[in-house]
Amino acid sequence: MWLHQSGDALRLAARRLIASPVNTLLSVLAIGVALALPAGGQMLLANALQLARNSTPAPQISLFLDLDADKRAIRDIDGRLKNHPGVKAYRLIPREDTLARMKANEGLADVIEALPKNPFPDAFTVLPADDRPEAMEQLAAELGKLSKVAHAQLDSDWARRMAALLKIGRTGVLLMALLLGVGLIAITFNIIRLQVTTHRAEIELSRLLGATDAFIRRPFHYFGVLLGLAGGIVAWMIVAGATWWLRGPISELAQLYSLEFSLRPLALVDSIALLAVAAALGGIGASLSLSKHLRDD
Amino acid sequence: MIKVDHASKRYPPGFDALSDISFEVAAGELVTVGGHSGAGKSTLLKLIAAMERPTGGAVLVHGQNMGSLKRTAIPYLRRNLGIVFQDQKLLFDRNAFENVMLPLTISGFPPAEAQRRVQAALDKVGLLGRQKAMPIMLSGGEQQRLAIARAVVSRPNLLLADEPTAHLDPETAADVARIFLEFRAVGVTVLIATYDDSLFPDARRLVLAQGRLQ
């Protein structure tokens, strides 16, 4: 019986949506555009995350040796690094190489020429086996204590900045989703209020014929859910269209930076979440509206 | 079936629509409530259908006090009641079949059985051939008969009708009156508010004047 009545209510809701196509279309567009903003933000964020993962140089530790470190000291450190379990790979950068590289830089060449002797120390770059920030910091501290090592520097600043940036992005998307979610509830609230007014005669008659509150609410509730769902589909299409449109220009840009990157559409999980949230918000808006506008008549 | 016990209804600020009404209707009876418009006929029907609560006395239907019913109990009670409203209250965006189907949908009838019942009800009032027609395409008499079909489709044992023959030409009015007599003949209790009780010569007559029984 409940199933029959639900099916009837769903059909009735769909019929009411189709009965005023212009109103429905405008409502669905309003909801769709509102949802497309956070959904699009999520799409861009997911891509940014992907880009960050693929193009960040693996974090490494630089060991700068004392200026008076001799060949023996270097061999000694080399040996220790070779046997250290926390070290995945390492490389020696001799001070002569650093000097040559710096001289090649036009702005610095004159300055370096003016110096009496090579100001750069020998250095090692170390790739840690474990790239969690805490583990790397511990390794850097440990390596910094080796004799003739002047300073151990952790090059994870860029990764940290990126992570901080992504965190801001994620918060922004969340904030936008919250605001527009509230907006969506407000939109449905108002649409359902109009629906209740339009169907006042039918509601009154149904009550007189013995309809329970649940029976009367059901089609309006489904109306809200269907409206939200349709809005979610529109939002998804807007994001998919934008992805398709941006893909060419972004690939071009990526190529100029010699990055291997192409824009991906909204992930399946995100798409399903978008539709579910849209339908749920539509239902919540309808419920709120119904409890206000169907209370006592 | 119906027991009205010293019932009165006062609307604010102090208008007495009904004062101290008492009568009983036995199962299977046909009763008309006559009187001029404004005499309180509609108010009396509204008390019996729990659309209004009495401000004094009691109205009992099937032994239940309609004035002290819980709000949530009213729907289930109304399902055993057939009501023909004065303004008919047909839904103009649904066809004849769907209008009559509504009470059965509300009470959760299985669709196949409901469909048979709707057709039986439409057949009873002579509208079986017009089930796809929208109410706006029906004549006044047909609309009234449609309203009756909707009132009886759930086979209630009490049928209330508020001025069912008003605004109909004499021939159509006689037609509609005959339908009520047919329901009475199969054991349905019928209570009709009408200014013209000559259409129901066999009925027990109650007459209201200024909110009091004559």
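In the predicted model examined here, chain A contains an open sheet of 4 strands, arranged in the order β2-β3-β1-β4 with antiparallel pairing. The edges of this sheet are taken by β2 (87-93) and β4 (149-154) of chain A; each has a single partner strand, so one side of each is left without a neighbour in the sheet. From one strand to the next, the twist averages 20°. A look at one edge gives a handy point of entry. There, β2(A) runs antiparallel to β3 (residues 123-128) of chain A, and 6 bridges join the two. Within this pairing, Arg91(A) has Thr125(A) of β3(A) as its bridge partner.

Helix α6 (residues 133-144) of chain A lies across β1 (61-65), β3 and β4 of chain A, and its direction makes an angle of about 170° with β4(A). Two further helices of chain A contact one another. Packed helices of this kind are described by the angle between their axes and the distance between the axes. For helix α4 (residues 95-104) and helix α5 (residues 106-114) of chain A, the axes come within 6 Å and cross at roughly 125°. On the α4(A) side, the contact is made by Leu99(A), Met102(A) and Lys103(A), while α5(A) brings Leu108(A), Ala109(A) and Ile112(A). By class, this contact has 5 nonpolar residues, no polar ones and 1 charged residue.

At the level of domains, the assignment for chain A gives domain 1 (2-55 + 160-293) and domain 2 (61-154). The centres of these two domains of chain A, taken over C-alpha atoms, are separated by 54 Å.

Chain B is likewise assigned two domains, domain 1 (1-80 + 157-214) and domain 2 (91-155). Their C-alpha centres lie 23 Å apart. Between them, 10 residues of domain 1 of chain B are in contact with 10 residues of domain 2 of chain B. On the domain 1 side, the largest share, 5 residues, comes from helix α6 (residues 170-185) of chain B. The residues of that side divide into 6 nonpolar, 2 polar and 2 charged.

Finally, the two chains meet each other. In this interface, 15 residues of chain B are in contact with 13 residues of chain A. On the side of chain B that touches chain A, α2 (74-78) and α3 (96-107) of chain B each supply at least two residues. The largest share, 5 residues, comes from α3(B). By class, this side of chain B divides into 9 nonpolar, 3 polar and 3 charged residues.

Notes
Residues are numbered from 1 along each chain as its sequence is written. Chains are lettered from A and ligands numbered from 1 in the order in which they are written. This is a predicted model: local features need pLDDT of at least 70, side-chain atom pairs count only at pLDDT 80 or more; totals for chains, interfaces and linings use all residues. Two residues are in contact if their C-beta atoms, placed from the backbone, lie within 7 Å. Ala, Val, Leu, Ile, Met, Phe, Trp, Tyr, Cys and Pro count as nonpolar, Asp, Glu, Lys and Arg as charged, and the others, Gly among them, as polar. Two strands pair if DSSP finds at least two bridges between them. Axes are lines fitted to C-alpha atoms, for helices over the stretch in contact, and angles run from 0 to 180 degrees between N-to-C directions. Domain bounds come from an automatic or database domain assignment.
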